[in-house]
Amino acid sequence: MEIITSLEAVKTEYSPSVIALGTFDGLHLGHQDIIKTARDYAQKHGLKLIVFTFSNHPLSLIKPDLVPVRIITQQQKIKYLEKLGVDILVNVPFDHDLAGLSPDEFLKKLAVFNYRCLVVGENFSYGFLGSGKTDTLQRTGLHDHFTVIIRQLVKCGKNVISSTGIRSLIQAGHVEHANQMLGRAYALTGIVTHGAQRGRTIGFPTANIELQRSETAVPATGGYAVKIKVGDKLYFGMANIGNNPTFGDVEHARLEVNLFDFKGDLYGREITVYFYKYIRGEEKFASIDELKARITEDRENIKNYFQCYKK
């Protein structure tokens, strides 16, 4: 997949294409619907599939104090788009130059990609202060002879899928519902750091990831059923997000993960933790024995949840 990070760097006109347009924060099922529709059109008409999006949230320029936390990192976005079969990712910063373009001027900027079709969601807007809407785009398409496909917003049950809704669900610990809207398990990636190593002494060694500088939304404090990717291998496990109230010596919330059936040293390695189910809230235990008993119970509940271990 070719990645373009600056429109000014594009010097030659591209092969005929179809472009899926959007912010695509999270690449949830609604976003995937837009991109898959564009992919189907590209395959049917022999066109290149392009996704045009921004490397930063537009609010970072307009109202920086209202910028929401990300749902996925840039690296995750690239990986997911590659899996969707995207030929070219235009991932450019939303800056003052782009923000000041009229709707027509914005489309002229895209002309270098030789588009024959644009695919957007029904809530799409473009141009100065979002003055261009889907009806504007349709009229321009009729006049300039390119196809416009407008996709209805996708629902999960009775609720419209949105990045804002997913973000709220994650931060409230409702990861199962968030996963339904994402079409995959929510994930956090980080480097394993040294902790107090208490888990090892009580029979539940953990890999610790600091969260105070997390690029993406952090689930609510508590315990979770998770899967953990280490290199190319995937392990079942249990995770806890919190400040270790039983011991009271953790200043910032951290992610602690116990990998089932794993042996080895993870310090300094990058791991990805996929959240599947909220198990319980964070608790302060009166003794180490109470803590061990509860963790043992959590582990059995999680094994049963994944249905991968015999009772």
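Biologist: Which residues form one aromatic cluster here?

Modeller: The model is a predicted one. In the model, Phe52, Phe54, Phe94, Phe106, Phe124 and Tyr126 make up one aromatic cluster.

Biologist: How many aromatic pairs does the count come to?

Modeller: Two rings are taken as a pair if their centres lie within 6.5 Å. By this rule there are 13 aromatic pairs. One of them is Phe54 with Phe94, an edge-to-face pair with 5.1 Å from centre to centre and 70° between the planes. This pair links distant parts of the chain, 40 residues apart: Phe54 belongs to strand S3 (residues 48-54), while Phe94 sits in the loop between strand S4 (88-92) and helix H4 (96-99). Both Phe54 and Phe94 are buried.

Biologist: Which aromatic pair is tilted?

Modeller: The angle between the ring planes sets the label: over 60 degrees is edge-to-face, under 30 is stacked, and the rest is tilted. Phe236 and Phe306 form a tilted pair, with 55° between the planes and 4.8 Å centre to centre. This pair too links distant parts of the chain, 70 residues apart, with Phe236 in strand S12 (residues 233-242) and Phe306 in helix H10 (residues 288-306).

Biologist: Where does the charged end of Arg184 sit?

Modeller: A ring can also have a charge over its face. The charged end of Arg184 sits over the ring of Tyr80, 4.1 Å from the ring centre. Likewise, Lys303 lies over the face of Phe260, and there the distance to the ring centre is 5.6 Å.

Biologist: Turning to the whole chain, how many helices and strands does the chain have?

Modeller: The chain has 10 helices and 14 strands. Its C-alpha trace spans about 75 × 40 × 40 Å along the principal axes. Of its 311 residues, 47% count as buried. Taking contacts between residues at least 6 apart in sequence, 73% join residues at least 24 apart.

Biologist: Which domains does the domain assignment of the chain give?

Modeller: The assignment gives domain 1 (2-156) and domain 2 (185-310). Their centres, taken over C-alpha atoms, are 37 Å apart. Where the two touch, seven residues of domain 1 are in contact with seven residues of domain 2.

Biologist: Which residues touch the most other members of the largest nonpolar core?

Modeller: The general idea first: in soluble globular proteins, nonpolar side chains tend to be buried together. Here the largest nonpolar core has 53 residues, and those touching the most other members are Val18, Ile35, Leu255, Ile271, Val273 and Phe275. Helix H1 (residues 29-45) gives the most to this core, with five residues. Domain 1 (2-156) and domain 2 (185-310) each supply at least three residues to this core. There is also a second, separate core of 28 residues, which includes Ile4, Leu7, Ile88 and Tyr115.

Biologist: What does Leu255 touch?

Modeller: Residues up to four places away in sequence are not counted. Among the residues that Leu255 touches are Leu188, Ala207, Ile209, Leu211, Ile241, Val273 and Phe275.

Biologist: In helix H6, which residues are buried?

Modeller: A helix can be read side by side around its axis. In H6 (residues 134-144), the buried residues are Thr134, Thr136, Leu137, Thr140 and Gly141. They are on the same side of H6, because they cover an arc of only 150° around the axis. Arg139, Leu142 and His143, on the other side of H6, are exposed. The cover over the buried residues of H6 includes helix H5 (103-110), S5 and strand S6 (147-151). Just after H6, His145 takes a positive phi of about 65°.

Biologist: Where is Gly121 found?

Modeller: Gly121 is in strand S5 (residues 115-121). With a relative accessibility of 6%, Gly121 counts as buried. Leaving aside neighbours within four places in sequence, Gly121 is in contact with Ile34, Thr134, Ile150 and Arg151. Phe236 is 115 residues from Gly121 along the chain, and their C-alpha atoms are separated by 36 Å.

Note on methods
Residues numbered from 1 in each chain as written. Predicted model: local features only at pLDDT ≥ 70, side-chain atom pairs only at ≥ 80, totals over all residues. Heavy atoms only, no water. Core = buried A, V, L, I, M, F, W, Y, C linked by side-chain atoms within 4.5 Å. Buried < 20%, exposed > 50% of the residue type's maximum accessible area, 1.4 Å probe, protein only. Helix = DSSP H or I, 4+ residues; strand = E, 2+ residues; numbered from the N terminus. Domains from an automatic or database assignment. Contact = heavy atoms within 4.5 Å. Arc of directions from axis to C-beta. Phe/Tyr/Trp six-rings, centres within 6.5 Å; stacked < 30°, edge-to-face > 60°. Lys NZ or Arg CZ within 6 Å of the ring centre and 35° of its normal.
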